[in-house]
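Subject: Structure handover

Hi there,

Here is the structure I promised to pass on to you.

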Amino acid sequence: MGNIMEKLELTAQSMYCKKVEELTPSELHLSLGKAVMGEIAPNWEASKAKHNNNRRAYYFSAEFLMGRMMYNNLYCLGILDDVKKLLKKKGVDINVFEDIDDAALGNGGLGRLAACYLDSAATQEVPLDGYGIRYKYGLFKQLIKDGYQVEVSDNWQRFEDPWCLRREDEAVLVSFKDQTVRAIPYDMAVIGCKTSNINTLRLWQAEAVNDFDFTAFNDTEYDKAVKEKNDAENITKVLYPNDNKYEGKVLRLKQQYFFCSASLQDIMRRYKAKHGNDFSYFAKENAIQLNDTHPVSCVPELVRLLMLENMNFDEAFEIARKTCAYTNHTVLGEALEKWPADLMTQVVPEIYHIICLIANKCQEELTAKGISEDMKAKMRIVDGNVVHMARLATYASTYVNGVAQLHTEILKDDVLKEWYQVYPERFQNKTNGITQRRWLGLCNPELAAMITDKVGSDEWLTDLSLISKLNESVNDTRTINKFNTIKKKKKVQLAEYIKKMDGYDVNPDTIFDIQVKRLHEYKRQLLNAFSIMTIYYRLKENKLKNWTPTTFIFGAKAAPGYARAKAIIKYINEIANLVNNDPDTKDLLQVYFISNYNVSYAEKIVVAADISEQTSTAGLEASGTGNMKFMLNGAVTLGTYDGANIEIAECAGEENEYIFGARVEDIEKLKAEGYDPKKLYDANPEIKRVVDTLIDGTFDDDGAQGEGSFKELHDSLLKDSSWQKADNYFLIYDLPLYVDAKIKANADYADRKAFGKKCLMNIANAGKFSSDRAIVEYAKEIWHVSHK
Ligand code: 26W
């Protein structure tokens with residue numbers, strides 16, 4: 001790195017006529033960002049040229065949850081500490097960048113995974129560029145008022161964005177039935193660590209072809225004058241806040257088609273510059289990864305664009321199929337996209353027409369393979385009025401993958417069973433990963449230094465398998481003590497941060513038991529809440545001896561329209577209110593629901609946890625990636641035998657986690673036998689008492705006196721409804737097993753050495769969960785592109 005400070009001074013002067021020390025945080029952010037961009041420009045150009053000459057891959061995703069860029073970019077460039085010192089000399093604290101919001105252009109796991117993969121691809125020199133949407137408003141910000149979630153908009157662009165370059169010259173047009181808009185690319189540099197390689201994330205923003213209708217304005221029709229502008233900009237105005245629930249909204253379909261069409265036109269333009277109109281190399285040079293089905297209109301759109309180049313349908317489809325691969329991220333029925341045919345016809349009729357051609361081709365292919373009519377019916381891509389996007393994606397892909405071993409098995413024998421029978425060679429597993437740069441190096445410098453010391457170098461930053469060297473020290477008392485000291489320090493730091501953000505006084509001398517993730521019934525935050533109430537009553541009645549004081553921390557956003565999830569937030573806050581203020585228990589049990597859990601909060605949280613809560617109903621969490629972040633920072637997992645928890649336990653040793661509850665086989669058996677939660681509830685007074693706190697007046701759901709949203713939760717556990725069985729997520733079955741596991745973990749914690757060893761075993765065996773490992777597997781086994 002050249003002289004970054006000189007560049008910063010020049011930028012500050014030319015942009016603001018100010019000295020560095022006079023800049024406001026947001027001016028400093030913009031100036032330093034621009035200075036860094038200036039520094040990396042030559043490497044970025046060189047990387048682009050290199051990628052252009054070789055086979056390359058593209059990650060198509062409706063979400064990229066990047067988090068704060070400044071610290072990460074400085075870190076990957078290896079200049080974070082220098083910049084920190086140099087700024088300090090000028091009296092500027094580098095922490096000022098905490099005032100700059102991060103762009104939350106994603107909901108949760110799927111979007112954050114996309115960001116980790118970009119980071120890893122840049123570092124591992126995999127020629128992978130991202131394509132997505134530049135939403136004006138990212139995921140809503142969450143406030144908690146009277147225990148309820150309140151949503152406010154996330155106007156992240158008000159700080160401006162030094163990391164993106166607007167590329168007006170590479171804009172393209174995208175047409176819908178009733179509208180044509182301009183797609184403007186914004187390019188973000190994705191900086192690799194310990195390499196000069198820099199990849200690109202290209203995000204598209206929708207704008208009007210004609211911004212302003214002057215005639216209408218002169219006729220005093222002011223709304224009409226800006227109608228085209230508003231209609232166009234609405235397409236990329238806001239990220240849909242649903243995570244795991246499909247909703248057939250016109251605007252959402254437009255978003256999906258918009259970024260797929262723009263990205264493909266971009267890829268085709270580059271291709272044509274090299275090969276003219278000969279498309280025979282297209283699939284040899286390009287691989288496209290579909291991040292879930294959200295970008296699956298990429299398939300018919302590529303066919304359409306190729307047909308415009310005078311190719312026939314069959315040839316065009318062959319190319320599309322050889323180019324695309326599909327990752328599935330959920331098995332929940334309500335999350336699988338199924339677009340109504342009439343809605344597609346209304347928005348993108350040509351795309352619907354091509355999907356029908358693909359659907360017919362698929363059925364013909366199945367007939368030729370001698371597949372039974374019964375099975376063919378189950379594999380219809382277009383079924384009556386419904387377009388099944390996962391089926392389209394599976395049919396039109398080279399490979400289909402799940403995101404953890406168990407998840408891939410469930411795809412093969414359940415969700416995509418018929419497809420696996422016909423096309424077994426297409427199915428692969430790619431267990432998710434996380435980037436150790438952000439999720440250890442950057443967020444936990446204290447632990448990172450200890451690991452560097454043990455490994456003998458910081459090479460683990462780009463090769464996490466080296467962290468296994470720590471296995472040699474797991475019995476060493478000094479190492480354990482050192483780890484425990486670091487953990488304590490991170491707990492103190494988190495307590496300070498919580499005080500600043502949420503105003504709570506958290507005691508760092510207690511166990512930190514943490515559950516942070518999106519709020520969903522299947523993730524079972526309510527089960528955690530019930531276990532806390534169980535423990536609360538036992539403590540109050542002196543039935544639980546030797547309990548080490550514990551702070552339970554929750555963080556979760558609920559989709560704004562998800563009433564049950566919102567009721568669960570309120571319920572947790574009611575519990576907090578009760579136990580935190582009860583003189584009998586307040587020194588033993590504390591509960592806090594932190595607001596606006598996001599990537600930046602996560603960076604403070606995962607480092608400070610003693611216990612990581614991963615309590616999904618077995619079979620329903622495709623992988624989980626939060627679990628990996630906790631593991632890497634030395635928390636033990638209190639979780640079910642589900643998703644990547646299984647592989648985590650396999651790597652760290654099951655004796656170093658707290659695995660509880662029904663497994664997939666057990667759940668299947670329970671379902672087959674006719675699971676009756678009411679029976680268990682009636683038979684177990686402890687369960688009954690806790691579950692009934694929802695309705696017996698223990699808590700207040702806004703004056704509804706047991707008739708409001710808590711009553712609805714209570715009913716959902718004990719009564720079948722027209723659309724769901726009672727206790728669909730098996731909370732009542734798992735509750736006693738969970739309480740036992742929780743109490744066991746609490747008791748074990750008291751032996752600081754033995755527990756510290758468990759934590760170290762988790763860290764030492766987290767190598768597999770690096771997104772570097774995952775991305776190199778994708779590069780080798782799916783995209784067939786180069787890597788370091
Ligand atoms: C159409 C509405 C919608 C929106 C988002 C449906 C589904 C989604 C995503 C597929 C949900 C999601 O984020 N899934 C998560 O993906 C992670 C990365 O693979 C996994 O670790 C999580 O287990 C999975 O829930």
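Two strands count as paired if DSSP finds at least two bridges between them. Strands (E, at least two residues) and helices (H or I, at least four) are DSSP runs, numbered from the N terminus. Please bear in mind that this is a predicted model, in which local features need pLDDT of at least 70 and side-chain atom pairs count only at pLDDT 80 or more, while totals for chains, interfaces and linings use all residues. Residues are numbered from 1 along each chain as its sequence is written, and side-chain values use heavy atoms, with hydrogens and water left out.

Let me start with the six-stranded sheet. It is open, with parallel pairing, and its order is β18-β17-β16-β19-β20-β21. Because β18 (589-594) and β21 (658-660) each have a single partner strand, they stand at the edges and one side of each lacks a neighbour in the sheet. From one strand to the next, the twist averages 15 degrees; angles run from 0 to 180 degrees between N-to-C directions, with axes fitted to C-alpha atoms, for helices over the stretch in contact. Within this sheet, β16 (residues 511-516) and β19 (residues 611-614) run parallel and are joined by two bridges. I514 has S612 in β19 as its bridge partner.

Two helices come with this sheet. Helix α22 (residues 525-540) lies across β16, β17 (550-555), β18, β19 and β21, at about 160 degrees to β17. Helix α23 (residues 563-581) packs on the sheet and touches β17 and β18, making about 145 degrees with the direction of β18.

There is also an open sheet of three strands, β11-β13-β12, with antiparallel pairing. Here β11 (338-340) and β12 (382-383) are the edge strands, each with a single partner, so one side of each has no neighbour in the sheet. Three bridges link β11 to β13 (residues 386-388), and W339 has V387 as its bridge partner in β13.

R426 is buried yet has no salt bridge, and the nearest side chain of opposite charge, E365, is 4.6 Å away. Buried means under 20% relative accessible area, exposed over 50% and partly exposed in between (1.4 Å probe, protein chains only). A salt bridge needs a side-chain nitrogen of Lys or Arg within 4 Å of a carboxyl oxygen of Asp or Glu; Lys and Arg count as positive, Asp and Glu as negative, and His and the chain ends are not counted.

Best wishes

Methods: Contact = heavy atoms within 4.5 Å.
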